[in-house]
Amino acid sequence: MRRNSREVGAVEQAKSLQSSRFMREFGILFVFAGVLGALMLLSPGAFARPANLMNIIKQASVNGILAMGMMFVIISGGIDLSVGSIVALTGVVAASFAHPGEYPFLVPVVLALGLGALIGLLNGVGVAYGNIPPFIVTLGMMTIVRGLALIVSKGSPVFGVTAAFENIAGAFVLEVVPLLVVYFLVVTGASAFLLNKTVFGRRVYAVGGNEVSARFSGIDVQRIRLAVYTISGLLAGLAGLVLASRTVSGNPTAGQSYELDAIAAVIIGGVSMSGGSGKWYGTVIGALLIAVIGNGLDILNVSSHYQLVIKGAIIIFAVLLDMKGKRK
Amino acid sequence: MKGMLAVLLALTLVLSAGCGNATEQPADSVGNGAESREADLSDQRYALLMSHMTNAFTMEMSGAVKAKADELGVQLTIFDGEHDVAKQISQAETAITQGYAGIMVEPVSVDGIKPAVTAAKAAGIPIITVNQRITDQELADAYVGANPVEGGELEMRTAAEDMGGKGKVAFLLGPMGSDGQIGRTKGYYNILGQYGDIEVVYEQTANWKTDEALKLVENWLQTGADLSAIVANNDGMAMGALKAVEDARLQDKIKIYGLDATPDALAAVKEGRLAATISQSTTEQGMLGMETIFKIANGEEVPAEIIVHHTLIDKDNVGEYIK
């Protein structure tokens, strides 16, 4: 009798383990599908059009690119608050070097990416070698870099860029897919590959999961840290470049609170804030969900004040779902 | 892994050397004291309290005040309130205890700055507000600036006439509750009262920002709303709207209006892409502000309100404004 109940218990435990894993992996898909379904019902004419779906992916792209970098950092057990400021600085620098007839096309591109990676690297040095908590290093960097963006731009937007620069984000592939979306796809593909198919990816998980055992198993934890912050900075530089191209100007105030949207996308996607776990496709869904909510509510003409409330509620709900899945 | 890192490191180091030029440009064109040979006047210090220093408008405004201070041969210190009313109040207190000859405030908040104004008056230091009226304006010695309602009316009247008095319009608003947003939007509705056939289909804030306006207008255009015009509280948002409309190839149907006469908006007006922008004569406001506080501090009488008027800039007169 006793043995029997123990067996039943084990079976139930296994079952609930299975369902919890299912919830953890795919719970967010239900939320996503639910939001999509609701918006399609509320606004069948405008929301569900193919053109609008492409529009949503386009609007998710900048945040999606940032979120991919943020994902590496969070899986490794860190956080990067500086990405929004990096978007502003690299955007301003790129636009400054993109005036017609001054520098070759590649100069602003290389500068934006290089500067982003450099700032990320400095974050990494602070975290890995300075042993300063990531929250503090990147918070300080966020402020410094925002100041630099204002200094470089003398406090005003930088405009007057070449047509080629405008095309970095504005051009289309096969006349329907904006290049912005292509960058998002490429970054996603590369991130997924790095995370799942390389030794480096496994080490990022290991460092975030348990730093001590990662160290004992011979992983150079400091180097992994350096790498994830550099990746995040590099992708923030890319985001700054494409945002400057998209808005045809470099704005020193651009990117404010973008780090929060990137973190939100990662968390909604089920990546644990304490590091060590999370999947790339979750982050993609997270970025898409944020864009869908913004787009749908704009189309329904909901005041931006309510949009903030709704967005925040969905983030908390998504994490609640995620934690519930893990606790079982 | 090692190789990749090495490449990244090398790349970033090389680049950091390369972009040193960009980041090391001195930005501090304002601030600090002016040098003057007239000993008596060069002792006079004035404080300019700006709400923030992060856009074309505030940079032009503070630059104009600085230019006038140099011309008058007095010292000027510029304080950056960073959008924080508490910070602006403490900056005012600093200016008061430091014994400045006069204070100009471009307020962060139309209500919140009252304690600073009261404190300056109690200390016998002249204080005026520039660009934005405050709720208790009678407490200050003078107001120098534009009337945002007038600016909004001029912008909307231009749009309404271009629309032939009928059609659908969308408004892009500044941060809700800011003086510019409230006044300019009030101006829009004052004009709409005279045009019963114009319908406002969208009205939403984009917080003065180009990227927010771009996203918002992209989404509006998805609904197939048959817009004739988009009227924006400032040029930054108008430029975002312009990009969205041009991307959707609707520039022949939807005309866009801005306000501020920023350099990029003026260029767009010249190219015939932006229908019009409105100048709030920022430089004039700054110059007059400095002149007014100087007069008060040196015992001259000034009117309680000095209003600088808005001007419409469209393709016919844009040439006069492009520097």
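Which residue in β5(B) is the bridge partner of T129(B)? I looked this up in what is a predicted model, and found Y143(B) as the partner.

**Entry 1: the strand pair in chain B.** I checked the two strands around that bridge. Strand β4 of chain B covers residues 127–130 and strand β5 of chain B covers residues 142–145. I found them paired in the parallel sense, over three bridges.

I then looked at what packs there. Helix α12 of chain B, residues 282–297, packs on the sheet and touches β1, β3, β4, β5 and β11 of chain B. I noted about 160 degrees between the direction of this helix and that of β5(B).

Entry 2: I traced the strand order in chain B as β2-β1-β3-β4-β5-β11, an open sheet of six strands with parallel pairing. At its edges I found β2 (75–80) and β11 (305–307) of chain B; each has a single partner strand, so one side of each has no neighbour in the sheet.

Helix α4 lies across β1 (45–50), β2 and β3 (102–105) of chain B, and runs at about 175 degrees to β1(B).

**Entry 3: a helix in chain A.** I turned to helix α12 of chain A, residues 258–268, and asked how many of its eleven residues are buried. Among the buried residues I listed Y258(A), E259(A), D261(A) and I268(A). Just after α12(A), I found G270(A) with a positive phi of about 90 degrees.

How values were computed
Residues numbered from 1 in each chain as written. Chains lettered and ligands numbered in written order. Predicted model: local features only at pLDDT ≥ 70, side-chain atom pairs only at ≥ 80, totals over all residues. Buried ≥ 20, exposed ≤ 12 C-beta atoms within 10 Å, placed from the backbone. Helix = DSSP H or I, 4+ residues; strand = E, 2+ residues; numbered from the N terminus. Pairing = 2+ DSSP bridges. Contact = placed C-beta atoms within 7 Å. Axes fitted to C-alpha atoms, helices over the stretch in contact; angles between N-to-C directions.
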